[in-house]
Amino acid sequence: MGRKKTSILLIFIITLAVIATTILWQGEHILNALNPLKIKNIDLIHLPENRLRLKLKVTTNRKCKTFIKYWAKNSRDTLYTGISEGTKEHTLWVTNALANTNYTFKVVAFNSSQTAFSRNHPLETQPIYQATPYFSLEYMDKKFSKEMKGKFFLTQILTEPGSAVIIDHKGNIVWYEAFKKGVKVSHWTPDRTVLCIVGSEKIPSSGGDEIVELDLSGKVLTHLQRGKGEMDKMVHHEVRTDENGNIYALTFEKKVFDLSAAGGAKRDTVHGDGIVVFSRKGKKIWQWSVLDHLNPLDDKEILKHKKDWVHANSVFKEKDGNFLISYRDLNQIWKIDYKTGRVIWKLGEKGNFQLNKDDLFSSQHFAHINRKGELMILDNGSKKQITRAMAFKVDTITHTAVTTLNVPLLKDYYTSAKGNAELFNGDKILFCVTDPRALLITDKKGRVLWKVQVGGDPYRIEEIANFLSYNPISNVQGH
């Protein structure tokens, strides 16, 4: 009898375990049947500080994931917000919209086995009045228009007040962040954030006293300020992130030299440039100064140049961990060893590589490694008054530099300072030309395929990837 009771008890326990396992496995399905997923409340909040950024508070009856789909009136293109998950109280952000436009939006809530939709709601954006200039699409080649659809670009306005701005292929502003100070340069990071150098117009050489990183909702993720923490110098011309998520930039450096042999003082201050690397928390990881690698007495006009000697205007970290730095006044690109700080080589006028006369560049900007693995620059061309995009295949074994790209612009687009050039879709060039204040895309012959006129003072443009959010449940019927 005892054995029989034991067997019955064992069967009972096993049965309970099976039922419990089934409930756990089918739990969400059972909950969906007993308490279907619902969207309880939606609050749309217009933010006066930014006319293109809209906040939506969504409440659901159960923890789930939510997002918003929205579309402009008479448009076939559906846009999406990011996803909120793991809560009943959701905050969602519309971060890609046109000013003064009527939209319709719908909230979508979902879990692994059920989807709930809100009804359609109206959403209207207001005209932009903050520190954003106009961007006017002046020309787009008809054959090129299809290739441009879905492309977005980040640029900035240097003057005060300034702004970081994202435009679409038609030159429409779809995102912006206004600052009381000027935005000296901006960069789209792999984390889908916007990284900026911010500073007043009084700071020369595209310099700033703040580094600000924010996400598309406007949340400040990183804020480094001169005089706070380990940021002891102003930064200028460049700010980017490296493979470890650290932030690097150009800095202003100064050092005391004996310039009496050149007619100066025995203790004379020379101002130059350097590189600094910060963690996102502001800890200084690495720094380098050009003043440790040049003798100012080698410059016969050092007294004239000592307040801004050689003038660096870009820095770029390569995959090998070393830096490329552009020196406008030397007409040279240097490669710097990250481990030792030594100068590995110099490309350009009086550099370590033999270049044909036509391949020598002057007052160049934005030295970087392009998608083809080549060193690419904007040759401002101050000596010839012709601006062009150039790329070089640098071989340190054979000690040769072969010009692989030479795309001159018409004289109307000559830009004496600032600006950049980068590859676009592999066989075209994206330009920011700052004297005519224009954004261009050309073919490799320099023929303009796309032109946007800028009403403010830009420094650079870059195409940005992953700006759009996509439908995460596109296979769900009815969505």
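Residues are numbered from 1 along each chain as its sequence is written. In this predicted model, local features need pLDDT of at least 70, side-chain atom pairs count only at pLDDT 80 or more, totals for chains, interfaces and linings use all residues, and side-chain values use heavy atoms, with hydrogens and water left out.

**Exercise 1.** State how many helices and strands the protein has, and what share of its residues is buried.

Solution. Step one: helices (H or I, at least four residues) and strands (E, at least two) are DSSP runs, numbered from the N terminus. The protein has four helices and 33 strands. Step two: buried means under 20% relative accessible area, exposed over 50%, and partly exposed in between (1.4 Å probe, protein chains only). Of the 479 residues in the protein, 52% are buried. Step three: along the principal axes, the C-alpha atoms fill a box of roughly 110 × 60 × 45 Å.

**Exercise 2.** Describe the sheet that contains S25, and find which strands stand at its edges.

Solution. Step one: two strands pair if DSSP finds at least two bridges between them. The sheet is open, with four strands in the order S25-S26-S27-S28 and antiparallel pairing. Step two: strand S25 (365–369) and strand S28 (400–408) each have a single partner strand, so one side of each is left without a neighbour in the sheet. Step three: from one strand to the next, the twist averages 20°, where axes are lines fitted to C-alpha atoms, for helices over the stretch in contact, and angles run from 0 to 180 degrees between N-to-C directions. Step four: strand S27 (residues 388–395) and S28 run antiparallel and are joined by eight bridges. Ala391 stands opposite Leu405 in S28.

**Exercise 3.** Give the volume and lining of the largest pocket.

Solution. Step one: on a 1 Å grid over the protein atoms alone, a cavity is a set of points where a 1.4 Å probe fits but cannot get out, and a pocket is an open set with protein on both sides within 12 Å along at least five of seven lines; lining residues have an atom within 4 Å of a point. Grid points are joined across faces, edges and corners, and a volume is the space filled by probe spheres set on the points. Step two: the largest pocket holds about 980 Å³ of space. Step three: its lining has 30 residues, with His187, Pro190, Arg240, Phe316 and Ile369 nearest the centre. Step four: among the strands that each supply at least two lining residues are S25 and strand S12 (182–188). Step five: the lining divides into nine nonpolar, eight polar and 13 charged residues (Ala, Val, Leu, Ile, Met, Phe, Trp, Tyr, Cys and Pro count as nonpolar, Asp, Glu, Lys and Arg as charged, and the others, Gly among them, as polar).

**Exercise 4.** Find the largest cavity and the strand that gives the most to its lining.

Solution. Step one: the whole structure has one cavity of 30 Å³ or more. Step two: the largest cavity holds about 50 Å³ of space. Step three: S19 gives the most to its lining, with three residues.
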